[in-house]
Amino acid sequence: MKRIYLDHSATTPVDLEVAALMMTYYTEKYGNPSSVHSFGREARQALEEARRQVAELIGATPQEITFTSGGTEADNLAIIGTAEAMSKKGKHLITSSVEHHAVLETCEFLAKNGFELTILPVDAEGIVSVEDVRMAIRPDTILISVMHANNEVGAIQPIVEIGQLAKEHSITFHVDAVQTLGKIPINVKDMNIDLLTVSSHKIYGPKGVGALYVRKGVRLAPRAHGGSQEKKRRSGTENTPGIIGFGKACELIGKRMDKEDARQIILRDKLMNGIIERIKYVKVNGPLGEKRLANNVNVSIRFVEGESLLLSLDMLGIAASSGSACTSGSLDPSHVLLAMGLVHEIAHGSLRFSLGSQNTEEEIDYVLEQLPKIVERLRMMSPLYDQAIHK
Amino acid sequence: MYSEKVMDHFTNPRNVGEIENPDGVGEVGNAKCGDIMRIYLDIKGDIIEDVKFKTFGCGAAVATSSMVTEMVKGKTIEEALVISNAAVAEALGGLPPAKMHCSNLAADALHSAIQNYKDKQKKE
């Protein structure tokens, strides 16, 4: 059976060129970058080249890049590291209700340990209001953390405006850009970003690698103490092959970003419009047009439940994801959809398709051919459907 | 994550639908938590002659609904009343732990339908 992968916001395949380069640094050039000998030096050189590649994609200098084990660790380092370094100045943190759990849970951890937290609401499209940020700022605010674009509904946040506010008030500004790196141009200087989280495995690099951009001069306490690697911010022998793979992935995606973005927008709109045309009682979640990530489609299909949709799609080889409780591992559906004001039963029926570089128009046609049949079958089983259509 | 038997019942659910003028109807769950199961019974004497279901929910919710209808068809009311949610899960070769409490309500829906039948009998 042909398989169609439409879950690129979860993870992506590693680019073959990236994988081949990494293999060299596992088996031939395997030195420890901290070693003095030639093995160490060749690893160090490649590591620093990767640092330059990551920095270039976000408009930073290489010295401002700290490699981590991924987005989650970078978020933790950014938030806890700022809280620790700045706690004498204040104890107030601001974030949004649609952040990734790596940010939300970390902020909530601090709120339980002597910090105060303001969680900003979002509008019906999942977007944070700049005015709300302004109103939330207090003299003791030390950190604002708002994601660049949301992983579930693709809503792009007003980062430039929030960055300007943070700068005016001398507040550290952290942005989780895991979903936008290589998809939307990022320039940390122009956007007034102090800390930026990025991850490798969302851009055709290996899993287990990420980075935190730390603007020169920003105070940040380390999270991992030990052998002083990464300028003492993150001790531990570097995941050299992984980091080198991440660097290469940054270089490759940077080259094709504009073209790929335009291509995915066409596929995205074809899929989204096709679903709306073919299936009744469907709601698009998240913004339309320029405020939406090029690769994100998120719809709620009423009277059916998300996991049932995923299982049915999976049996046809189609991989997607859902914000239903059954797939979130808790009894509640996605916190993002609830924050946008969706009622539980509509959030349970949400379905996300996230596009990637290998998806084709034929694949979208196949999904559009199969999905209405799946929905019809599940609706015939649903007690909610006959209630609704017999009203 | 699901057993083959669960996937079989999810893919080819038995006894989906409604019974017109049923002798008993039972519904459990709510849309808020993501699972609603409704069971219809056709009872002759003491025997469950026919049973149908409609379910909104995840794979486990559909599979347990389907399974319970298969387990009770042709059984007496007394036999049906001793079927537990755990027994339905067991008949399916088990459910993932997270599903045991939230989506394993089919026996409750069945019992609710039987109660509905008994309540109607009392009135008549």
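Predicted model: local features only at pLDDT ≥ 70, side-chain atom pairs only at ≥ 80, totals over all residues.
Let's start with A:Ser145, which sits in strand β5, the run covering residues 141-145 of chain A. It's a buried residue: the relative accessible area of A:Ser145 comes out at 0%, and anything under 20% counts as buried.

What does the side chain of A:Ser145 pair up with? The partner is the side chain of A:His174, and the two make a polar contact at 2.8 Å. Leaving aside residues up to four places away in sequence, A:Ser145 also touches A:Ile79, A:Ile94, A:Thr95, A:Ser96, A:Glu99 and A:Val103, with A:His174 on that list as well.

Next up is A:Glu105, which belongs to helix α4, spanning residues 101-111 of chain A. With a relative accessible area of 47%, A:Glu105 is partly exposed, since that label covers values between the 20% cut-off for buried and the 50% cut-off for exposed.

## Helices α1 and α7

Now for the helices. In chain A, helix α1 (residues 16-27) and helix α7 (residues 240-278) have axes that come within 8 Å and cross at roughly 155°. As for handedness, α1(A) and α7(A) make a right-handed crossing.

On the α1(A) side, the residues in contact are A:Glu17, A:Val18, A:Leu21, A:Met22, A:Tyr25 and A:Tyr26. They meet A:Pro241, A:Gly242, A:Ile244, A:Gly245, A:Lys248, A:Ala249 and A:Leu252 of α7(A). Sorted by class, this contact has nine nonpolar residues, two polar and two charged.

## Helices α8 and α12

The other pairing in chain A joins helix α8 (residues 306-315) with helix α12 (residues 361-381), whose axes come within 10 Å and cross at roughly 130°. That angle makes α8(A) oblique to α12(A). Here, too, there's a handedness to note: α8(A) passes α12(A) in a right-handed crossing.

Which residues of α8(A) meet α12(A)? They are A:Ser308, A:Leu309, A:Ser312 and A:Leu313, and across from them α12(A) brings in A:Leu371, A:Ile374, A:Val375, A:Arg377 and A:Leu378. Split by class, the contact of α8(A) with α12(A) has six nonpolar residues, two polar and one charged.

Note on methods: Residues numbered from 1 in each chain as written. Chains lettered and ligands numbered in written order. Heavy atoms only, no water. Helix = DSSP H or I, 4+ residues; strand = E, 2+ residues; numbered from the N terminus. Buried < 20%, exposed > 50% of the residue type's maximum accessible area, 1.4 Å probe, protein only. Polar contact = N/O pair within 3.5 Å; in protein donor to acceptor, adjacent residues only side chain to side chain. Contact = heavy atoms within 4.5 Å. Axes fitted to C-alpha atoms, helices over the stretch in contact; angles between N-to-C directions. Left-handed = near helix turned anticlockwise from the far one by under 90°. Nonpolar A, V, L, I, M, F, W, Y, C, P; charged D, E, K, R; others polar. Parallel < 35°, antiparallel > 145°, perpendicular 65-115°, else oblique.
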